Amino acid sequence: MPLHNQPTVRLTMAQAIIKYLTNQYSERDGVEQRFIPAMFGIFGHGNVAGLGQALQEDAGETMTFMQPHNEQSMVHTASGFAKDNRRLRTLACTSSIGPGATNMLTGAATATINRLPVLLFPADYYTTRHQGPVLQQLQHPISMDVSVNDAFRPLCRFFDRITRPEHLLTALPEAMRVLTNPADTGACTIAIPQDLQAHAYDYPAHFFNKMGWRIERRPPELQRVTEVITLLKSAKRPFIMAGGGVIYSEAEAQLKQFAEACGIPVGETMAGKGAIDYDSPMALGGAGVTGTISAGHLMAQADLVLCIGTRLSDFSTGSHSAFQHPAVKFVGINVGGFDAHRLGAIPLLADAKLALTALIEAAQAAGISPEADYLAEIAKEKVAWAKKCATEAFVQHDGEIMNQIQVLHAVNEQAQPGDTIVAAAGGPPGDLHQLWDTSQGRKAHIEFGYSCMGYEIPASLGVRMSQGPEGEVYCYIGDGTYLMQPTELVTAMQEGLKVTIILINNHGFQIIRRLQMGRVGVSFGNEFRGRDEAVNRLEDDYLPIDFVKNVESMGGRGWRVTNLAGLNQALAEARTVKNQVCLIECEVEKHRYGLDSAVWWDVAPAEVTDTPETQATREAYETDRFYLQKFYY
Ligand SMILES: Cc1ncc(C[n+]2csc(CCOP(=O)(O)OP(=O)(O)O)c2C)c(N)n1
Ligand SMILES: [Mg+2]
């Protein structure tokens, strides 16, 4: 008997989860949509008879079931989907007990670090316990209520383990509250014991009523707006660092208006790539370690930095070296206090769109207008950078084969409005950050909070699910990252989700080798070569790996190109393909990268070593650290 005198529905706990999720909606600016339109899952004994049965019975009527081929990947697909939806929608994921669950940990961390909502349901061992240890149960010797799922706790913004069926009544709304709160959002995990999933309970019928969750726009406090305007009025060299929060808030137009009205140059973080149209005279493109030199120069001299919707990772701040003005001040415009207060900033806790709208009005009222000399300097920096790209970055170097920057440029040139390019690890995210032109609606989706190898392909599926069949979703990926997790291509084929993979074959983890050459001075263990028995190191020939055959083996189409003419032809052909994965393997120069950004990054070489090359890198590091790194607060 239920403990409450209300109409009830008798369901298993798993059936109740599905029924509840199908009735959750998000709403912002009057637009309402199903918050979780599909659930991904891999079944095992932990969930096949529970959530698996509930999904089977639902038969896709209200909750579409999708099958990934690796649990980590399905979480990345959910993150990609959520990011492309500006956090207004996401996907749920279910795994079996044990290894299926722990495979999701990396996905959970990726989502949380990037402030992206994902909802995870790992199965857990029996609450009745008398069967144990059950298959795949890791036992803690002195703590019987611990399972591998406790490893989710530090990686999530919400964690609960259901040990009675009625716990759902509080756990699910809590998870929804966190997922739909812009300041709190991240991975939410509800661990569901194997036996309880099949356990019946009389749930109150109203629990399954349609529920709307407003994705709120937090308004700025007016006193703070005044404080920011006072700072701005006296600033000589203001600078805006635009992060992912600008995009999640759909504040691109307001950012452009504010920057242009006040004459403030804008640099973008990795997640903020595309926050301002590159055609704007104020847009400097990527800012930070992998950014443009123009952004690097203006950051170095800025006396006031307005950080909008950014968590200010070391790549954005140059490990606290990018801002060299002795009296530099910061303003943190963010929905969450945790990020708003970084670098000792004046916090302006607010939704980016509302904050910028208020700042536009207040700046106008205060008579703030662009300063001619500064505008001229910004324009000069932009022109110098464009020239440098044309003469140094996008060019063929004598004695070399095609390089990956040329590949990226060719894709950029062929991209159409609405096309999206996805990257996360290796050289690709840095290339996009520095050199991808986002004007004319050519979007970039960069995951660099966790820079998780293996994100790219599944996230591209999430982007495709979000965008529908029109336009291209490019997945810009290194050979190393492709090899780590290509299996979601099977999911893509199952669902007819077309992605076009631009695979950069440079025969190794070359971006790390580049770092290694800078901070160790010697190449070791990063290239894909056979073992040289004489020295017992991986220094023999490069391995022949056929990526075209690999994609064909999973039902996709492949092209192998070695020059720009071949690449352009393959890009054009791939654009005409429908519902099928395309992969263009680009054989490129192994050690040719983008341009230097003039922004430092703290990676410490060994302090004690007999290797002269390493000693030299340490010496250079000591000097740079002393002169560059600052304590901003
Ligand atoms: C899961 C994971 N493991 C390790 C790393 C560290 N890492 C960053 S880039 C990189 C190399 C990537 O190689 P590839 O995809 O071929 O790109 P390339 O460096 O050649 O541009 C590695 C190992 C990471 N980011 N993610
Ligand atoms: Mg590589």
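## Shell around ligand 1

In this predicted model, the residues of the shell around ligand 1 divide into 6 nonpolar, 9 polar and 1 charged. The ligand is surrounded by 16 residues, and the closest are Gly427, Asp479, Gly480, Thr481 and Ile511.

Helix α19 supplies the largest share of this shell, with 4 residues.

## Polar contacts and burial

For Gly480, a backbone N or O atom lies 2.7 Å from an oxygen atom of the ligand. Ser451 places a polar backbone atom 2.8 Å from a nitrogen atom of ligand 1. In Met453, a backbone N or O atom is 3.3 Å from a nitrogen atom of the ligand. Taken alone, ligand 1 exposes 580 Å², and 76% of that is buried by the protein.

## Pocket and contributing elements

The largest pocket is the space taken by ligand 1. Two or more residues of the shell come from each of α17 (427-435), α19 (479-484) and α21 (510-519).

## Aromatic pairs

The aromatic pairs in the model number 13. One of them joins Tyr482 and Phe547: the ring centres are 5.5 Å apart and the planes stand at 80°, so the pair is edge-to-face.

Tyr482 belongs to helix α19, while Phe547 belongs to helix α22 (residues 547-552), so the pair ties together parts that are 65 residues apart in sequence. Helix α19 is also the element that gives 4 residues to the shell around ligand 1.

## Backbone features in loops

Two backbone features are found in loops. The peptide bond that runs from Gly132 to Pro133 is cis, and its omega is near -5°. Pro133 is located in the loop between β7 (118-124) and β8 (158-161).

The other feature concerns Glu250, which has a positive phi of about 60° although this residue is not a glycine. Glu250 sits in the loop between α9 (244-248) and α10 (252-262).

Definitions and conventions. Residues are numbered from 1 along each chain as its sequence is written. Chains are lettered from A and ligands numbered from 1 in the order in which they are written. This is a predicted model: local features need pLDDT of at least 70, side-chain atom pairs count only at pLDDT 80 or more; totals for chains, interfaces and linings use all residues. Side-chain values use heavy atoms; hydrogens and water are left out. A residue is near a molecule or strand if one of its heavy atoms lies within 4 Å of it. A polar contact is a pair of N or O atoms within 3.5 Å; within protein, one must be able to donate a hydrogen and the other to accept it, and residues adjacent in sequence count only if both atoms are side-chain atoms. Accessible areas come from the Shrake-Rupley method with a 1.4 Å probe; for residues, only the protein chains shown count as cover. On a 1 Å grid over the protein atoms alone, a cavity is a set of points where a 1.4 Å probe fits but cannot get out, and a pocket is an open set with protein on both sides within 12 Å along at least five of seven lines; lining residues have an atom within 4 Å of a point. A molecule sits in a cavity or pocket if more than half of its atoms lie within 2 Å of its grid points. Ala, Val, Leu, Ile, Met, Phe, Trp, Tyr, Cys and Pro count as nonpolar, Asp, Glu, Lys and Arg as charged, and the others, Gly among them, as polar. Rings of Phe, Tyr and Trp (its six-membered ring) pair if their centres lie within 6.5 Å; planes under 30 degrees apart count as stacked, over 60 as edge-to-face and the rest as tilted.
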